[in-house]
Amino acid sequence: MRETFLKTTEEILDADPDVAVVLADISAAQLAGAARRHPDRVINVGIREQLLVSTGAGLALAGLRPIVHTFPSFLVERAFEQIKLDFSHQEVGGVLVSYGASYDMSMAGRTHQSPGDVALIDSLPGWTVHVPGHAAEARRLLLESVPGDGRVYLRLSAQANASPHLGVGFTRLRFGSAGVVVAVGPVLDRVLRACAGLDVTVLYASTIRPFDSAGLRSAVLSASGSVVLVEPYSAGTSAYWVSEALSDLPHRLRSLGVRRDAEVRTYGEIGDHDLAHGLDAGSLRLSIRDFLGE
């Protein structure tokens, strides 16, 4: 996804003189050619992430469309005050693009892990949040995010599904009657393996804000009110939106994602963290079956 994002960003810079890119060293080498061609629109502020976000907002106030990029722990967590005040409070738009997800860089330790980024962005009104599960989805979502003046968070990951799904809102990939399993972004393939042979409906989304309430309601009305929400960041991040969507319908919810009860302090590989958080296919299957009583 990262390589696709960088290639697409170069294409956008070459085609649209109103787009600027702001970096904090991360990916600066890959965009060096674009920086030579567009020195006034590719800005590297160094490892000063609060300045990174404020510069992007300033460019937006000046009439440019900023793409602001670094790792999520630095982009969202470290610079959240600037996102809140310089973008949201000032009511200016931009495209914030992170790479690294919850624990893609697990070998770098806790400083490079950010399972709470979507929840932080979700505390601010008016943001669109994309969580692509494939490089083709990432490209399309970036191209759709640049026009206009909205506030967009695009969350890229090293983990990916085998095939893209380019639908809008929730796409229904399997039909069943015992429950509805919602998969967000790069967890989809694991969810499909976990649900093999189970009588469940599987919904997929690469855009999770705005939340597709109508799509979820339709699936629940066709199946049952038992909903399993699988997200590749903090468990339960979208639980409020599920409850709002189904507020007038009998339902129950199981939220699966990065665990909240304890910090996983191991380093290891991505797969080790999937297992520790119950986000591998085997653990997901056990959780889903236990919840549905199968």
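Predicted model: local features only at pLDDT ≥ 70, side-chain atom pairs only at ≥ 80, totals over all residues.
I started inside: the largest cavity holds about 70 Å³ of space. My search of the whole structure turned up one cavity of 30 Å³ or more. For the record, a cavity here is a set of points on a 1 Å grid over the protein atoms alone where a 1.4 Å probe fits but cannot get out, and lining residues have an atom within 4 Å of a point. Grid points are joined across faces, edges and corners, and the volume is the space filled by probe spheres set on the points. I counted 13 lining residues, of which A101, S102, Y103, Q159 and P232 are the closest to the centre.

Residues are numbered from 1 along each chain as its sequence is written, and side-chain values use heavy atoms, with hydrogens and water left out.

**The sheet**

Next I traced the strands. Seven of them form an open sheet with mixed pairing, in the order β2-β1-β3-β4-β6-β5-β10. β2 (42–44) and β10 (207–209) are the edge strands with a single partner each, so one side of each has no neighbour in the sheet. On average, neighbouring strands are turned by 20 degrees against each other, direction ignored. Strands (E, at least two residues) and helices (H or I, at least four) are DSSP runs numbered from the N terminus, and two strands pair if DSSP finds at least two bridges between them.

At one end I checked β5 (residues 127–130), which pairs with β10 in the antiparallel sense over two bridges. H130 has T207 in β10 as its bridge partner.

Then I looked at what packs on the sheet. Helix α1 (residues 2–15) touches β1 (19–23), β2, β3 (65–70), β4 (94–99) and β6 (151–156), and its direction makes about 140 degrees with that of β1. Helix α3 (residues 49–61) lies across β1, β2 and β3, running at about 165 degrees to β3. Contact means heavy atoms within 4.5 Å; angles run from 0 to 180 degrees between N-to-C directions, with axes fitted to C-alpha atoms, for helices over the stretch in contact.

**Salt bridges**

I found 12 salt bridges in the whole structure, each a side-chain nitrogen of Lys or Arg within 4 Å of a carboxyl oxygen of Asp or Glu.

E49 and R78 meet at 3.0 Å, N to O. E49 sits in helix α3 and R78 in helix α4 (residues 72–78), so this pair ties together parts 29 residues apart in sequence. E49 is buried at 3% relative accessible area, whereas R78 is partly exposed at 42%. My cut-offs are under 20% for buried, over 50% for exposed and partly exposed in between (1.4 Å probe, protein chains only).

R155 and D117 come to 2.8 Å between their closest N and O atoms. R155 is in strand β6 and D117 in helix α6 (residues 117–122), 38 residues apart. Both R155 and D117 are buried.

D274 and R190 are also joined, at 3.4 Å. Here helix α11 (residues 270–276) holds D274 and helix α8 (residues 188–194) holds R190, 84 residues apart. D274 and R190 are both buried.

I also noted a salt-bridge network that links K7, E11 and R139.

Key
1 Å grid on protein atoms, 1.4 Å probe; cavity = no way out; pocket = protein on both sides within 12 Å on 5 of 7 lines; lining within 4 Å.
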